[in-house]
Amino acid sequence: MLTKAVIGDEGRTIELGWKDGTRTRFHAIWLRDNALDDKTRSAGNGQRLITILDIPAATKIDAASIKDDALEVSFAPEQKTVSFPAAWLSANAYDGDAARQPGWTGEETVRWTKATMQNSVPRANYAAASRDRAVLRQWLSAVKAYGFAVMDGLPTESGALCKVSELFGYIRETNYGRWFEVRAEVNPNNLAYTNLGLQAHTDNPYRDPVPTLQILACIENTVEGGESSVVDGFAVATALQAENPEGFRLLSSCPARFEYAGSSGVRLQAKRPMIELGPDGELICIRFNNRSLAPTVDVPFADMEAYYAAYRRFAELIEDPRFEVTFKLEAGQSFIVDNTRVMHARKAFSGTGTRWLQGCYADKDGLLSTLAAIEHGFKEAAE
Ligand code: NM2
Ligand code: OGA
Ligand code: ZN
């Protein structure tokens, strides 16, 4: 609840007082740009109708008052009066604590290890998730929090994995197809299509933007070996940072290069760090794939040994059983990973029996949008 509003800096700022004694400042130009009236934003779709150039640079607050737990502000020189609900102001406050440590993540991201994840893998049944929004919501929010979830009860037929992506969004088609067969092949164009073990990796780091979700579904798996595992790249990066801050700095500030040119007509290349931080230091993406790492040429000569030592240590931690959650996919089971965060691996398998998986890529923006829309719908229903 709002208790007071004091104009400052000759109208360029305003300080709001709250019932709990806290204070929050806003700028006049910010409030004007974010005005909620129907001349500023379309009442129908919520999109902004004006540009920054429609707002006078000299915008100031020349009067402010509190009415019905909303702040009413009039802006000069436009002589425009706008009301901001207290709840909206508090949800959009930016006058918080300053800079966080590099490698931070939001509180909705929950890091995990074998100890915390192996016996509580998030899981949903396909029929239940497609029938019941509450089940789907839980499954999607697990993908958001942990970057990983299992879905079982899929038909054991080709293309069934599309049903998983259709629950929340759209497949991202690539040169590998709308979806791809993961089976041991003669003359494979990718080492995924062999019976070799695959070190924990993220897929397609040679693509920019990288596919942000991967689904792998099992149609048949009667071989010896071929177990799957997943590793939380954010947990490992944080562990590396704790023991070797300089190594973390090198892997997050020097670009790596990734390349795939395994089939004719395709030469995918990307230049991105193995550990990517956003402009405010947020940990946003892990790229790790021994098979498609190209020569590293963007590390200063004087730092290359330390860079390689950090790369080695990162790989050792990724292979440390403390971080690895293991399972064997059975026919009708699938899993989804956030390919910007969670690495996946498979053990080698033998020639007897059949192992037939299908994979596809999809995008996390669609998944998060569907989740947010379901949550919004549940909230409205509760009101
Ligand atoms: N496949 C399975 O990123 C990679 O190259 C891993 C991708 C071929 C689509 C394998
Ligand atoms: C892949 C992959 C794992 C598996 O296709 O990207 O990592 O279990 N496959 O075959
Ligand atoms: Zn893979």
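The sections below treat the ligand site, the pockets, the cavity and the backbone in turn.

## Basis of the description

The model is predicted, with local features requiring pLDDT of at least 70 and side-chain atom pairs counting only at pLDDT 80 or more, while totals for chains, interfaces and linings use all residues. Residues are numbered from 1 along each chain as its sequence is written, chains are lettered from A and ligands numbered from 1 in the order in which they are written, and side-chain values use heavy atoms, with hydrogens and water left out.

## The site of ligand 2

The residues around ligand 2 (those with a heavy atom within 4 Å of it) are Val-182, Ala-192, Leu-198, His-201, Asp-203, Gln-214, Leu-216, His-344, Arg-346, Arg-355 and Leu-357. By class, this shell around ligand 2 holds five nonpolar, three polar and three charged residues; here Ala, Val, Leu, Ile, Met, Phe, Trp, Tyr, Cys and Pro count as nonpolar, Asp, Glu, Lys and Arg as charged, and the others, Gly among them, as polar.

Oxygen atoms of ligand 2 take part in contacts with polar side-chain atoms: the distance is 3.0 Å for His-201, 3.0 Å for Asp-203 and 3.4 Å for Gln-214. Taken alone, ligand 2 exposes 290 Å², of which the protein buries 97%, with accessible areas computed by the Shrake-Rupley method using a 1.4 Å probe. Strands E11 (198–201), E12 (213–221), E20 (342–346) and E21 (355–362) are the elements that each give two or more residues to the shell around ligand 2; helices (H or I, at least four residues) and strands (E, at least two) are DSSP runs numbered from the N terminus.

## Two pockets

On a 1 Å grid over the protein atoms alone, a pocket is an open set of points with protein on both sides within 12 Å along at least five of seven lines, a cavity is a set where a 1.4 Å probe fits but cannot get out, and lining residues have an atom within 4 Å of a point. The largest pocket contains about 450 Å³ of space, a volume being the space filled by probe spheres set on the points, which are joined across faces, edges and corners. It is lined by 30 residues, of which Asn-190, Ala-192, His-201, Asp-203 and Arg-291 are the closest to its centre, and the lining divides into 15 nonpolar, ten polar and five charged residues.

The second largest pocket has a volume of about 270 Å³. Among its 15 lining residues, Thr-109, Lys-144, Phe-234, Asp-338 and Lys-364 are the closest to the centre, and helix H5 (133–146), strand E17 (283–286) and helix H10 (364–382) each supply at least two residues of the lining. The lining of the second largest pocket comprises five nonpolar, four polar and six charged residues.

## An enclosed cavity

A search of the whole structure finds one cavity of 30 Å³ or more, and the volume of the largest cavity is about 50 Å³. Strand E12 gives the most to the lining of this cavity, with three residues.

## Backbone features

The peptide bond from Ala-76 to Pro-77 is cis, with omega near 5°, and Pro-77 is placed in the loop between strands E5 (70–76) and E6 (80–85). Another cis peptide bond joins Asp-208 and Pro-209, with omega about 10°, and Pro-209 lies in the loop between E11 and E12.

Conventions
A polar contact is a pair of N or O atoms within 3.5 Å; within protein, one must be able to donate a hydrogen and the other to accept it, and residues adjacent in sequence count only if both atoms are side-chain atoms.
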